[in-house]
Amino acid sequence: MAACRVTIELDDPGKVYSDGDVVTGHVVVVSNKDVTCNGLIANTEWATHGRGNVDRGEVEQAELFRGEWSAGQTYRYPFQLPTAAWPPTYYGSYLNVSHLVKARAKLSWALDPEGKAEIRVTASDTAAQLEPPRNQQTAKAGWFLSAIIILILVGAVGMIVMTAVFWLPLVLIVLGIPMLIVWFVRTWLPRLYTGKVEIQLEPQPVRAGETLRGTVSFGSARRFSINEVRISIECIEQCVSGSGSNSTTHRTTVVTHEQQLLGQAELQAGESQSLEFEFAVPNHAPPSLDLRDNDVIWRAELTIDIPSWPDLKQRLDFAVVPSSTPDLSDNTMAEVMQSRSWLDEVLEQLSQSADDPERLRLVLDAIAENEFAVNLTVVNDYTEYEVPDPNDAWMEALDELSDVDFAVRFAAKSDVPAEGSSWRGTIRITGYLTEDSVVVAQALASP
Amino acid sequence: MIHSGELRDRTPVATAASPSPYAVVGFWRNPFGELTRDERVRLAVVEAGPLLHYLHTTKTVTPARVPALQFLGDCGYGKTTNLLVLESLLPGARRVYYPETGPRPKLPLDSPVLIVDEAQRMGWWRRREMLKYHGPLVIGTHKDLTACLVQNGFAVWTIDVAQSKPSHVVADALNRRIAASLLDVETLPTYRIEDALAGRLNERFSGNLRRMEAFLYDAFQSYVSESSAWPPVV
């Protein structure tokens, strides 16, 4: 049996912290033996976890106690510690950022027992705005160091150049020619037709919950036809594990949005095109993160599909900052998570009953009186589904946790939320569109 | 403007204000993600006793020979983990990692035990330095260096890390990760990976722990975000 057990009790476990708010609570120590504690240390920190190397930052630590603990006793030590303002709490697929309050009792001749509690941190600014002032000072004071580094670099480059003179022809052949071919095919050839292509995005950075507006402009150096012009917006988690040559980069796309800007068309020489597009950044969209080995990257990629000719592809990264109004109140989210497993079970049953009308009816009858707390992403493009009355107040939405589509009926059209936004509330499941695998539901309440 | 967008957001749970999706199933993280170096050492399943004994006693048994431990095998079988564990257990020992490219680090020839990771990448000059070292040597390598070590007066014990590990060892390694990621370690029996499953994983991934962990990471992520079965079917 361990000498003692350390746990953390937060005063407000559901609180969402921001701007370095102070977290308060108690470290509770239950002592099983008479032990000497060489320091009960509490600290706040953030750390990444997932496929990439762990990036972490300690915020502050405090020693709460030092002395003797008697067997069978329970001790409570209050603490108040600031939280980090950046990065915000994030749960993705390959990357997660957690903020923790930790406590550790340093014991002699025994493993140090530890306790930890996770807190939620949101941010309403960008990483740059939240950068601690001391980092800016370091940058200003570093001119002397920079000068030395530049001198060393110049020397090193000189040495490399001398060595490279001998190897230069080989380097050009091995590296230069394939790169030249790639540039020729991917950039030079398509631009023979399109001329200079520009993508503009506004605002930069864009806040989650806002709309990103973009313009694509290009001319036509000569008459040509195109199959389509499309823009795809992606959010990618990029994590590096290992180091040096043993490092592996893991990437996964967590948000994808594709939009056709122009269909088949014939463009005349000298004609210029200016195509606009919009993307409603979901309120809960992952924020852009640039940690040491863990990044969240938002990217727009333009494709101009030219028949029988290499396509033009052009990329532009942009930044998403967290929403200023986090979309979930504590209680609602807790409610969502509590009813989650029951909802998952119901969705599984519905899916399995798709080919068996009798069983489907049984399932629907069984849950007719049940209410489910949900958090849905509004898609509002249900024209392809046969909902009972498309002219009624319907919302099509995606439940991200299960990847199941919902058609939710509202009392009035004005209640239907905007496309791209998140809708949290309570629903009652009333039907299931078997061909399209869409759950039909009635909205009961939203907070 | 033609607008025919399709949005598919695969983020498991809303950011910022949402509670941890892992907490819903009793965890604080996915157990099969990357670990910090300290944690990697703490959770490693390495029977260090015989290794330490070998390093400490060889010189006494065969005075003419200096002990060298060679961990041999490809990436992902645990060479570096073994070296990290030994580094933590041998006072004053220093581990040097040789990258594939870039500057070659200097060997800390003054340390009581020399630990070299990716020794097959050493240049001839550094290798010569290492072979002249007179203290116990521990190396991780993809290429068998026994011949040159023996030639230079080392008594070599080679541990082939790619050799099949018993199922219970694999299960233990994976269960330690699970235990370290649980909110309440008392719930471990619910999530424990049994020896039989570890055996199947061992077979499927030819004993490569890194590949097993990558597979289990994705399976656990599906379990959390899509309510897939846990443990996964192998």
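At what angle do the axes of helix α6 and helix α8 of chain B cross? The axes of α6 (residues 167-181) and α8 (residues 195-204) of chain B come within 8 Å and cross at roughly 100°. α6(B) and α8(B) are therefore roughly perpendicular to each other, a label for angles of 65 to 115 degrees. This is a predicted model, where local features need pLDDT of at least 70, side-chain atom pairs count only at pLDDT 80 or more, and totals for chains, interfaces and linings use all residues. Residues are numbered from 1 along each chain as its sequence is written, chains are lettered from A in the order in which they are written, and side-chain values use heavy atoms, without hydrogens and water.

Where the helices meet, B:S167, B:H168, B:V170, B:A171 and B:L174 of α6(B) contact B:D195, B:A198, B:G199, B:L201 and B:N202 of α8(B), with contact meaning heavy atoms within 4.5 Å. By class, five of these residues are nonpolar, four polar and one charged.

Now turn to chain A. Here three strands form an open sheet in the order β1-β3-β6, with antiparallel pairing. β1 (4-10) and β6 (74-82) are the edge strands. Seven bridges join β1(A) to β3 (residues 22-31), and A:L10 stands opposite A:G25 in β3(A).

Technical notes
Axes fitted to C-alpha atoms, helices over the stretch in contact; angles between N-to-C directions. Helix = DSSP H or I, 4+ residues; strand = E, 2+ residues; numbered from the N terminus. Parallel < 35°, antiparallel > 145°, perpendicular 65-115°, else oblique. Nonpolar A, V, L, I, M, F, W, Y, C, P; charged D, E, K, R; others polar. Pairing = 2+ DSSP bridges.
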